[in-house]
Amino acid sequence: MSYYQIENLEEYFKHYKKSIREPKKFWGKIAEENFTWYQNWDKVLEGDLFQANVKWFSNAKLNIVKNCLDRHLSKRGNKNAIIFEPNNPDEPSQFITYNELYERVCKMANVLLEQGVKKGDRVCIYLPMIPELTISILACARIGAIHSVIFAGFSASALASRIEDCGAKLVITSDGAFRGNKVLDLKAIVDEALTQTPEVAKVLLVKRTNNKINIVPNRDLWVDDLLAAASSNSVAEVMDAEDPLFILYTSGSTGKPKGMLHTTAGYMVYVGYTFKNLFNYKEDDIFWCTADIGWITGHSYNLYGPLLNGATTVIFEGVPSYPDFGRFWQVIEKHKITQFYTAPTAIRALAKENLSFVDNHDLSSLRVLGSVGEPINEEAWHWYNNHVGQKKCPIIDTWWQTETGGVLISALPFITPTKPTYASLPLPGVLPVLMDDKRNEIDDNQVVGNLCIKQPWPGMARTIWGDHQRFIDTYFTAFPGKYFTGDGALRDEVGYYRITGRVDDVVIVSGHNLGTAPIEDAINEHPAVAESAIVGYPHDVKGNGLYGFVTLKEIGEYRDRNNLIKEINEQIATSIGPIAKLDKIQFVEGLPKTRSGKIMRRILRKIAEGDFSNFGDTSTLLDPEIVDKIKDGKI
Ligand code: WTA
C-alpha cells in the first residue's frame, strides 16, 4: 500500500493512525517510493523532543535538486516548471520548462562554484519575485551551499544583521525591483548593509529594472556575464540527510531574529508529501502560491513542494492592487490557475473593493483555495468561498510556521469537511496536544490551551543557526518533551483545531510574523523616546495592527506630535522595514509596570483594543494610577 496520496476520509484516518503508531514505517515508505536517493538511510528516525536532537533518515545521501529537477526531465522535460507573471501586465509572461530550468540552475551552480562558494557556505539572497530567485536557491542547494533568503522588503540594517548572523560571504541581489508603480533600489540597500559586513567578498547582480546603480569594483559582478561563460554540466553534490539546506529568519518574542535551520531529507519528504495532499495536486494543474519566496510559505509551497512533484508553479512579481484590484483574478484567468494559495489579509483587502473586480474574470479553472499565515475570519472565509471559489472550491485553512517546515494542521480538499475559522485536523505524522499553564494536557473540548506537538515530524527545524540553546529554550522547555508552537488553540468535539492566536509577544501583521521587542528597540533609538511598548490590536484588513505606547524623555523640540510619529515610523522602517511601521502611536506618561519592572502587556492590549471593561488584577503594578491615565489618553 502506498501512503503518498490520501483518497478519502477513511483513508486519511487509516494513514493518520499508522503515521502516529509507526512513524518510521510510514515515513520510510513515503521516502523510499517517491524520492530518489544516492544511498538509503540506516534509521528513519532518531532522537526525541525531550532532547531536541531529532534526525530523520540518518546517513541517507541525496540531493534535493535532483529530486526537484533531474528526475523529471525524461518525462516532463518540456512541461512548464515555472510561469513567471511580471509586475506589469503588459510585459509578456515567461514560461520556463523543466529542461530550461535545469540548464539555468546548472549554470548558476557553476557560477557559484567559480566564485569560490563551497558546500556548507552560506549565501544570502535578496531578490524580488523573479525566476532568478528560484534559480539562485536551487543553484545553492545543488552545490550544497546553505541558502538564506532575506525578504526584499527588509531594511539595510535588518539585512546586515542577518548576513552577519549566518556569516554569508556572497550575496545575490538585483539592480532593482518592480513593485506596483514603484521601482525599489535593492542594490542601494545591499550597499548600505555591506558597509557593516566586510566579510562579504562578492555580490552577484541580476539585471531586472535597468536602474542606474553603483558598482563596487572586484566585488560586484553581473550574473549574466558569468552565466554566459558557465558550463551547463553539473553533478549535484552528495548531501547527507541532515546536512543543512537553508536558514530562514523569523521573529522571536525577544532579541535578534532566529535563523531557523532546515535540513535536507526530512524537509524534502515532508514538503513533497504535504504539497501533494494539501492541494489535491494532479499532473496538469497550474499552482499559484502568492507568498513571497522570502517567507517559509514561498520556500515550501511556491518552490520546493511544487517542483518536487513535477508541478507548474507561478511566480508573481507584483502586488494585488496593481494596476488595479482585479490583478489576482486576472492572473488566475490568464493562466487557468487550478489551486490558489494566499493570505487572509489579501482577501480582506480585496473584499473591500468593488465586486466587479472579481466578477469580471473567469475563475472557473479554480479547484482548491488555500489560506495561510494568520487566522481567517468568518467574513473573509465566506467572501473567498462565494466570490472566488464560487462555492465549488474547498478552502483549506493551513496552519503552520517557519519552524515547522510544512503545514501541520489543515483540511484536505474534497476529503475533510471544512468549517470556517477552523484549521481542522492534523496531517499524518502530526500529533498536536493542548497544554494548560500548569503543564497538564487538556482533554476537554472548547478550552483554549497552548498548542504543542508531541511527536517529531520530518519537516521540523533542527536548530537555530549558531544558538542551539536558544532553540531548546524557546521551543522545548516550557513543556518538556513537546514542541511549543507559541500559538493558542482550541479543539472542538470532533477534534478540529481552531488557532486562536499567539500567546507570546509575536504579532502577526498582514500574515507577517513580527516580534514586538525588535520594534521597541528600534523606536527607543529615537532621541526623544524614553521607552516604548508595542502590542497588537484587531485590524479589519491586516488581522492585527501595531499599537505603540511611547514615553518621551522631554517634549522640547518635538512638540509637533505628527512629526514625531512620522520620525518614529521612519526609524522603524530603517531598522526593520516598512512592514513593521506602527498603525497607532499613543504618547503616555508611563507604562504599566510591575514592581519587578515587567510591563503588563495584557493591560496595554486591552486598552489598544478599546476594551476598558476589566483589567484584571492590577495589584502588582508599581503605579496603578497610570492605567487610568493611559486609558483616558492623558500624558
Ligand atoms: C500564524 C507562516 C492561524 C500562527 C506559515 C503561527 C496562522 C505564525 C495560520 C507562523 C493559520 C500561520 N491560522 N494562524 N492558518 N498560519 N499562522 O512563521 O500564529 O511566518 O505561529 O509561518 O503564523 O508564522 P510564520
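Helix 6 (residues 131–143) and helix 11 (residues 296–308) pack at about 65°, with axes 11 Å apart. Their crossing is right-handed. This is a predicted model: local features need pLDDT of at least 70, side-chain atom pairs count only at pLDDT 80 or more, and totals for chains, interfaces and linings use all residues. Numbering runs from 1 along each chain as its sequence is written, and side-chain values use heavy atoms, without hydrogens and water.

**Helix packing**
- T134, I137, L138 and A141 of helix 6 touch L303, Y304 and L307 of helix 11; contact means heavy atoms within 4.5 Å.
- By class, this contact has 6 nonpolar, 1 polar and no charged residues.
- Helices (H or I, at least four residues) and strands (E, at least two) are DSSP runs, numbered from the N terminus.
- Axes are lines fitted to C-alpha atoms over the stretch in contact, and angles run from 0 to 180 degrees between N-to-C directions.

**Second largest pocket**
- The second largest pocket holds about 230 Å³ of space.
- V503, D504, D505, K598, I599, M600, R601, R602 and R605 line this pocket.
- The lining has 3 nonpolar, no polar and 6 charged residues.
- A pocket is an open set of points on a 1 Å grid where a 1.4 Å probe fits, with protein on both sides within 12 Å along at least five of seven lines; lining residues have an atom within 4 Å of a point.

**Backbone exceptions**
- Most residues other than glycine have a negative phi, and most peptide bonds are trans.
- The Y322 to P323 peptide bond is cis, with omega near -5°.
- P323 sits in the loop between strand 17 (312–316) and helix 12 (327–335).
- R439, not a glycine, has a positive phi of about 70°.
- R439 lies in the loop between strand 21 (432–435) and strand 22 (449–453).

Note on methods. Left-handed = near helix turned anticlockwise from the far one by under 90°. Nonpolar A, V, L, I, M, F, W, Y, C, P; charged D, E, K, R; others polar. Points joined across faces, edges and corners; volume = space filled by probe spheres on them.
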